Amino acid sequence: MININIPLFGSLLLTPLLFLLMPVRRALVMSYCLLWMFLPVARIQLPGLPPLDKPSVIGLGVFIALLLLYADLIMKQFRPRWFDLPVVMFALVMPMFSAMINGLGFKAGLYEVIQMLFLWVVPYFAGRIILGDEMGVKELATGIFFAALIYAPLAWLEMVISPQLHRIVYGYHPHKFNQSIRGWSYRPVIFMGHGIMTTMWLVAGAVCGAWLLRHKQLRWNGPFTIKNAVYFVCFTAAASNSMGALVLMIVAFTVLHLTKRVSPAMVLVPLLLVSPVYIVARSSGVLAGEQLTALVEPISSSRAASLGYRLYSEDAYLAKAWQQPIWGWGGEGRHRPIDEVTGQEIGASDGLWIIVFGKTGLIGLVSLVMTLLCVPVIAVMIQSTRVWRHPRFAAASVLIVLMPIYMVDNLLNAMINPIYMLVAGGLAGFVTMPLGKRFAQKNQVAAAERRPRQPQREDQRPVGIAI
């Protein structure tokens, strides 16, 4: 059994070491993927500071490594753009504003800002600066697939023996054990906070691997073929006992397949609209929770009951949020609805969007949606159909599709994963400018290099100078 202080604080030394030993793109992707997969789900309370947990310790380690080793490069290459504003508003400005307006004071606002800094801002700008090109985006998509491939055997182990790895290694279960019991087996958790988060990680890897394989963008020298590796991850994700994740994986594959058949905008725009439409419909009361529960009831009564409780909680949180709609209630749990008789919290805050709405109001909620969906919208608007179908755009296209899929997952689950902020940053640096001419020019150069050279005639050969 390992003391949780050792891996959490040890990662602050490991991350700079990875940046010293590896190319910067690979070091950044590996730091986030490996540490996110294997660090314990824990919170260490520090005196006078926000608690140190898995996402904050990863962000802090990356921040230290970049500051020590690449500060000059960052200062020379980084140019702020307008699409960087949503993440700054969401993670830095609104937490401080909400705390100050609600009378919580500067210290409480700073407490929230520090937490958001390492969870959202550091991975976004690290991805924006380091991974914001064709090679960086491909490195990220490839890294997500191979990370899921590492997790797949562990997932099968826990589906058989039950989620025990976190308890065996760190001494405790990261979440309620009974939520892992699903049908014929168990839902794997491994070293993440919940089984849904683990399954969504496998889904992201499966989608990345399958799409990169289709475009011949995956290479490895493993004991079995890369095609079998992709099939293994896809099958593991499908078998991991999470109906919502399975549906989202099917949606992702369907959307990617249709981009090859019709205009990408025709299939991506509806997907991008799902989250905003749901948020508007639920927050305005147009879509009642009973309507959604009734749709799921014929499929599974147990899933309908689970969904009904979540929507009941969502309604309670919405009622509290609308009492302070512009700036929210700030931190310290003031956004939670409390029963006046029992003094207990009503329901549970599962959806990320409703938590953000309650804490930072409509401005924070709009900033969150733009943070996750703004760059995919730009890509749909400015990239031509030819670019979307180009093999060299495969890594970018699959990550673009995963962003709204992740947003949809967070409508009912607050499963925050900083890897997606790496994705948002990398895409922001790469797909926000038209790529058609760049791809065409490089294709012409590659074709010229492959073309066999014609032998020179005697009158074309250079004349030597006799000395």
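This is a predicted model: local features need pLDDT of at least 70, side-chain atom pairs count only at pLDDT 80 or more; totals for chains, interfaces and linings use all residues.
Visitor: Where is Leu35 placed, and is Leu35 buried or exposed?

Guide: Burial is judged from relative accessible area, with under 20% counting as buried. Leu35 belongs to helix H2, which covers residues 24-38. Its relative accessibility is 8%, so Leu35 counts as buried.

Visitor: Which residues is Leu35 in contact with, beyond its neighbours within four places in sequence?

Guide: With those neighbours left aside, Leu35 is in contact with Ser11, Leu14, Thr15, Met30, Lys54 and Ile58. Separation in sequence and separation in space may also be read side by side. Leu35 and Pro7 are 28 residues apart in sequence, while their C-alpha atoms are 9.2 Å apart in space.

Visitor: How many aromatic pairs does a search of the whole structure find?

Guide: The search finds 20 aromatic pairs.

Visitor: Which parts does the pair of Phe78 and Phe125 tie together?

Guide: Phe78 lies in the loop between helix H4 (71-77) and helix H5 (85-101), whereas Phe125 lies in helix H6 (residues 106-130), so the pair ties together parts that are 47 residues apart in sequence. Phe78 is partly exposed, at a relative accessible area of 23%, but Phe125 counts as buried because its relative accessibility is 17%.

Visitor: What is the arrangement of the rings of Trp220 and Phe224?

Guide: The planes of Trp220 and Phe224 are at 65 degrees and their ring centres are 5.4 Å apart, so this pair is edge-to-face. Trp220 is partly exposed at 27%, and Phe224 is partly exposed at 39%. Elsewhere, Phe38, Tyr151, Tyr170 and Phe191 form one aromatic cluster.

Visitor: What is the volume of the second largest pocket, and which residues lie nearest its centre?

Guide: A pocket may be described by its volume and by its lining. The second largest pocket has a volume of about 660 Å³. Its lining has 28 residues, and Arg26, Glu139, Thr142, Gly143 and Phe146 lie nearest the centre.

Visitor: Which helix gives the most to that lining?

Guide: H7 gives the most, with eleven residues. H2, helix H7 (134-161) and helix H17 (394-409) each supply at least two residues.

Technical notes: Residues are numbered from 1 along each chain as its sequence is written. Side-chain values use heavy atoms; hydrogens and water are left out. Helices (H or I, at least four residues) and strands (E, at least two) are DSSP runs, numbered from the N terminus. Buried means under 20% relative accessible area, exposed over 50%, partly exposed in between (1.4 Å probe, protein chains only). Contact means heavy atoms within 4.5 Å. Rings of Phe, Tyr and Trp (its six-membered ring) pair if their centres lie within 6.5 Å; planes under 30 degrees apart count as stacked, over 60 as edge-to-face and the rest as tilted. On a 1 Å grid over the protein atoms alone, a cavity is a set of points where a 1.4 Å probe fits but cannot get out, and a pocket is an open set with protein on both sides within 12 Å along at least five of seven lines; lining residues have an atom within 4 Å of a point. Grid points are joined across faces, edges and corners, and a volume is the space filled by probe spheres set on the points.
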